[in-house]
Structures are given as C-alpha cells and as structure tokens.
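I opened the notebook to go through one protein model, from the whole fold down to single residues. These are my entries, in the order I looked things up.

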Amino acid sequence: MISKKLIDLGVLALRQRNSRGSFKPHISVRFRDDTGDLRMFSIDTTRTPGKLSQPDAYLITHAHSDHHGKSAMLSPNAVCSEKTAVALEIRHDRRYAGRMFGLGDEVDVGGIRVKTFPTEHTVGASAFYWENDVGTRILVTGDVKDAGRLPPCDILITEANYGDPADPACHFADDLEGMKCALFENGKVAFGAYEFGKAQ
Ligand SMILES: [Zn+2]
C-alpha cells in the first residue's frame, strides 16, 4: 500500500519480504537525507540476511519479543537505547552488535540526527524522531505508555494497542477482592505474567 500523501512528504513506507517469501513484521521507511541520498530505516523488524542490501538502521524501540530485537541485535546497523541493549543481551544470551544511546539523547545514524524520547512502556523503551530532506518530521514510537514527552510530527508510526488515557472507559480499578476469591476460594489458579516489564 503506497499513500500518495506519504510520497508527497518524501516518505515511502514498505514491508520487506523475508527469506521464505512472506512479509517481515513491522515496516521500513525510505526517505532522502539532507544531501539527497536515499536512506532506509527498518523499524522493529527482523534482520535481512547479510548478503542482501541492508537498511541504514534497524531501529529497536524496546526489548519485547514482538519487536524482534532478538534478530536485529546481531546487526552492526542496530540502534537501541543502552538499557534496551542490556535487556536484549540478558533475555537472549547474545551480544548486542549495534549502536547504543542514552535514552533522550540524540544519535547520529550515518549523518542523520535522530532524536530519542522515552515512552515508558518498558525500561529503556524509546521513540525515534528525525527529519528528511524536505523537512518532514517522522516519529516512530513502538509501544507507548506515556506519550507526554513525544514531539509534534508530520508522520507518526506507532502501535495501536492502548486505549485513550483521557477516556474513563479505558480505566480499570484493581480488583483485589476478586483476586483473593480466586486464590483462596476457588483452589488452583494460574495468573498470566510477562517475563519482561509490561506496562499495562
Ligand atoms: Zn511492548
């Protein structure tokens, strides 16, 4: 799917194919940098085999498995926060091979100044922001818990998985009585849990 509006803004969003011929998870964006060179950032997606052409960066927003850092972390073109790199190394028992930044710092990716912003979704979770040759402001967030510190943008690439914090219908009270009842009156129960910081 190619949006003419995106093209007008100097951005092409695309999904690459993997070695099995199906689509990779998440998207890549093509754009031109200040000097007019064509660039591509791949977002939270798996690594392209080394013999094929590589994106300028694999942006990893955070260390949850559905954002595929386990694969992308092995590329020297990976970019993630220091804390996300540590989390990926612990979770996957692999060495992180890419670039790191302090959360909130600016990182130079091949001459492109990429700003980073905390999203509070997990420890180290970061949004990425940069501008292309025509001044289009591109913001990539991954999952977001707190959008309060994210900058204005022209193109937003985000995850549509949470409710509106301003909508009272999206607020849920703790149900401790229900939990006690399940634990002490209903016998054996299993509670779902995430192995690495989930914000919900
Ligand atoms: Zn997540």
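**Entry 1: overall**

I note at the start that this is a predicted model. I counted secondary structure and got four helices and eleven strands. I then boxed the C-alpha atoms along the principal axes and read roughly 65 × 40 × 35 Å. Burial came next: 31% of the 200 residues count as buried.

**Entry 2: the six-stranded sheet**

I traced an open sheet of six strands, in the order β1-β2-β3-β4-β5-β6, and its pairing is mixed. I checked its edges and found β1 and β6 (99-101), each of which pairs on one side only. Ignoring direction, neighbouring strands here are turned by 25° against each other on average.

I picked one pair to inspect. β4 (residues 57-59) and β5 (residues 78-81) run parallel and share two bridges. Within that pair, Leu59 of the chain stands opposite Val79 in β5. I then looked for a helix on this sheet. Helix α3 (residues 82-92) packs on it and touches β5 and β6. The direction of α3 makes about 105° with that of β5.

**Entry 3: helix α3**

Which residues of α3 are buried? I listed Thr84, Ala85, Ala87 and Leu88. Seen down the helix axis, the buried residues fall within an arc of 165°, so they line one face of α3. I asked what covers them, and the cover includes α2 (69-72), β5, β6 and β9. I also checked the backbone just after the helix. Asp93 takes a positive phi of about 50° there.

**Entry 4: the five-stranded sheet**

I traced a further open sheet, with five strands in the order β7-β8-β9-β10-β11 and mixed pairing.

- β7 and β8 (residues 112-118) are antiparallel, with four bridges. Val107 has Val114 as its bridge partner in β8. The hairpin of these strands has two residues between them, and Gly110 takes a positive phi near 60° in it.
- β9 (residues 126-131) and β10 (residues 137-142) are antiparallel, again with four bridges. Glu131 is bridged to Arg137 in β10, and Tyr129 stands opposite Leu139. This hairpin has five residues between the strands, and Gly135 takes a positive phi near 80° in it.
- β10 and β11 run parallel and are joined by four bridges. Leu139 has Leu156 as its bridge partner in β11.

I put the Leu139 notes together. Leu139 stands opposite Tyr129, and Leu139 is also the bridge partner of Leu156 in β11.

**Entry 5: the largest nonpolar core**

I looked up the largest nonpolar core, which has 29 residues. Which members touch the most other members? They are Tyr58, Leu59, Ile60, Ala78, Val79, Phe128 and Val140. I checked where the core comes from: β2, β3 (38-43), β4, β5, α3, β9 and β10 each supply at least two residues. The largest share is four residues, from β9. For background, I noted that nonpolar side chains tend to be buried together in soluble globular proteins.

Beyond four places in sequence, Ile60 touches Asp44, His67, Gly69, Ala72, Met73, Ala78, Val79, Cys80 and Thr84. One of these, Thr84, is on my list of buried residues of α3.

**Entry 6: Pro25**

Pro25 sits in the loop between β1 (11-14) and β2 (28-32). Why does Pro25 count as partly exposed? I found 15 other C-beta atoms within 10 Å of Pro25, and partly exposed lies between the limits of 12 or fewer for exposed and 20 or more for buried. Leaving out residues up to four places away in sequence, Pro25 touches Thr45, Thr46 and His68. I also took one distance.

Conventions:
Residues are numbered from 1 along each chain as its sequence is written. This is a predicted model: local features need pLDDT of at least 70, side-chain atom pairs count only at pLDDT 80 or more; totals for chains, interfaces and linings use all residues. Two residues are in contact if their C-beta atoms, placed from the backbone, lie within 7 Å. Two strands pair if DSSP finds at least two bridges between them. Axes are lines fitted to C-alpha atoms, for helices over the stretch in contact, and angles run from 0 to 180 degrees between N-to-C directions. A nonpolar core is a set of buried Ala, Val, Leu, Ile, Met, Phe, Trp, Tyr and Cys residues joined through C-beta atoms within 7 Å. The arc is that of the directions from the helix axis to the C-beta atoms.
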